[in-house]
Amino acid sequence: MAERTTAAILVQTGQPLELMDVTLPALKPGQLIVDIAYSGVCQTQLNEARGHKGPDRFLPHALGHEGSGIVREVSPEVTKVKPGDRVVLSWLKGSGLDVPGTVYEGAIGKINSGAISTFMTATVTCENRVTKIPDDMPLKEAALLGCAIPTGAGVVLNSIKLQAGQSLAVYGVGGIGLSAVMAAAALGGSPIIAIDVTPEKLALAKILGATHTINPLETDPVAMVRELTGGKGVDAALEAAGNTEVMELAFESVRNGGGVCFIAGNAPYGHTLRINPFSLIAGKVLKGTWGGDGQIDADIPRYVEMFTQGRLALDLLAKDVYDLTGINQALDDLEARKVTRAMIDMGTGLA
């Protein structure tokens with residue numbers, strides 16, 4: 001009898017995800033089955049569910065692109081991990097075989113998935129989307145290593161290459177922004193300025209290492225950033241809010257003559273940026289980042305070590321936990337800025 005998994009499926013864009021049992025397909029060469037312990041819920045998944053990324057050609061569609069769990073079964077070609085290994089699942093590609101997509105079967109027929117879907121109790125993924133972690137790494141916190149930490153901390157470590165004493169402004173302190181704040185604090189950046197409209201997130205940013213916080217509803221963030229940096233602007237800025245107006249503010253905040261602004265947030269489909277071309281002539285730099293510009297096989301062990309050393313307070317990011325039946329509430333709360341990073345406990349008893 002075919003094995004089944006309970007999954008939250010996007011059947012119609014803009015409508016709540018539907019919980020249903022689906023059949024796990026036979027493994028293709030390079031694929032494996034992972035029993036999911038926890039999945040993170042991020043802005044990208046929210047944008048997909050709400051239709052903010054544009055039309056979804058893959059409906060019905062299995063979502064979720066960061067998680068943690070334990071390998072149940074591997075195809076013979078997989079050598080990177082074995083059954084019983086604890087792993088992080090990530091949309092970022094690491095080493096190993098790449099199998100682009102999976103099709104599940106449910107009561108509504110065929111259900112499409114990319115190489116990774118984590119809004120389910122067990123998933124079929126492929127070798128290059130998993131990274132083994134130590135047995136003593138807690139799986140709840142490990143789920144953040146699939147997207148939030150590699151993107152936010154990765155921008156600071158790999159893209160900006162922030163040095164001690166350099167200044168950073170982080171616009172939007174959700175999971176990615178707070179990850180950047182923690183990494184900057186670990187490297188000795190100063191000042192580290194967190195900008196957000198949610199007081200609770202700003203308070204958490206202070207706990208995690210921000211030296212200053214700014215609420216744009218109360219003051220002009222660009223003017224305040226310049227005031228905090230002696231009128232120059234910051235050495236680097238990160239936009240993690242997924243809002244084009246905020247991206248423009250972040251770019252304005254960096255100094256002339258080499259200040260760099262990285263865009264990590266996912267803006268809604270069709271939105272565009274407006275920038276002053278003279279800022280480019282003055283030496284400001286605007287860049288994007290693909291998941292923190294790192295190598296996931298090398299970076300995840302590094303983040304595990306930083307967590308073990310107490311330099312990444314992942315437990316403070318993973319505190320808002322829902323069960324799978326609460327997936328739509330998690331999406332609503334994320335959209336309403338009530339949570340920093342929603343975590344889904346799959347109820348599989350894995351820890």
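**A loop glycine, salt bridges and helix pairs**

Gly84 sits in the loop between strand 5 and strand 6, where helices (DSSP runs of H or I, at least four residues) and strands (runs of E, at least two) are numbered from the N terminus. The structure is a predicted model, in which local features need pLDDT of at least 70 and side-chain atom pairs count only at pLDDT 80 or more, while totals for chains, interfaces and linings use all residues. Residues are numbered from 1 along each chain as its sequence is written, and side-chain values use heavy atoms, with hydrogens and water left out.

At 46% relative accessibility, Gly84 counts as partly exposed, on a scale where buried means under 20% relative accessible area, exposed means over 50% and partly exposed lies in between, computed with a 1.4 Å probe on protein chains only. Although Gly84 and Val71 are 13 residues apart in sequence, their C-alpha atoms are 5.3 Å apart in space. When neighbours within four places in sequence are left aside, Gly84 is in contact (heavy atoms within 4.5 Å) with Ile70 and Val71.

Asp85 is buried, with a relative accessible area of 6%, whereas Lys132 is partly exposed at 43%.

How many salt bridges does a search of the whole structure find? The search finds 14. In general terms, side chains of opposite charge can pair when their charged atoms come close. One of the pairs joins Lys110 to Glu105, with the closest N and O atoms 2.9 Å apart; Lys110 is exposed, with a relative accessible area of 56%, and Glu105 is partly exposed at 35%. Elsewhere, Glu3, Asp35 and Arg72 are linked in a network of salt bridges.

A further salt bridge connects the side chains of Arg50 and Glu335, at 3.0 Å from N to O. Because Arg50 lies in helix 1 (residues 43–50) and Glu335 in helix 11 (residues 327–335), this pair ties together parts that are 285 residues apart in sequence. Arg50 is buried, with a relative accessible area of 19%, while Glu335 is partly exposed at 39%.

The two helices that carry this pair can also be described by their axes, which are lines fitted to C-alpha atoms, for helices over the stretch in contact, with angles running from 0 to 180 degrees between N-to-C directions. The axes of helix 1 and helix 11 come within 10 Å and cross at roughly 105°. The two helices are therefore roughly perpendicular to each other, in a scheme where angles under 35 degrees count as roughly parallel, over 145 as roughly antiparallel, 65 to 115 as roughly perpendicular and the rest as oblique. Gln43, Leu46, Ala49 and Arg50 in helix 1 meet Leu331, Asp332, Leu334 and Glu335 in helix 11. By class, this contact of helix 1 with helix 11 has four nonpolar, one polar and three charged residues, where Ala, Val, Leu, Ile, Met, Phe, Trp, Tyr, Cys and Pro count as nonpolar, Asp, Glu, Lys and Arg as charged, and the others, Gly among them, as polar.

Helix 4 (residues 175–187) and helix 5 (residues 199–208) have axes that come within 9 Å and cross at roughly 25°, which means that helix 4 is roughly parallel to helix 5. Their contact is made by Leu178, Val181, Met182 and Ala185 of helix 4 together with Lys201, Leu204, Ala205 and Leu208 of helix 5. Seven nonpolar residues, no polar residues and one charged residue take part in this contact of helix 4 with helix 5.

For helix 6 (residues 221–228) and helix 7 (residues 244–253), the axes come within 9 Å and cross at roughly 25°, so helix 6 is roughly parallel to helix 7. Pro221, Val222, Val225 and Arg226 of helix 6 make the contact with Leu249, Glu252 and Ser253 of helix 7. These residues of helix 6 and helix 7 divide into four nonpolar, one polar and two charged.

Notes
Salt bridge = Lys/Arg side-chain N within 4 Å of Asp/Glu carboxyl O.
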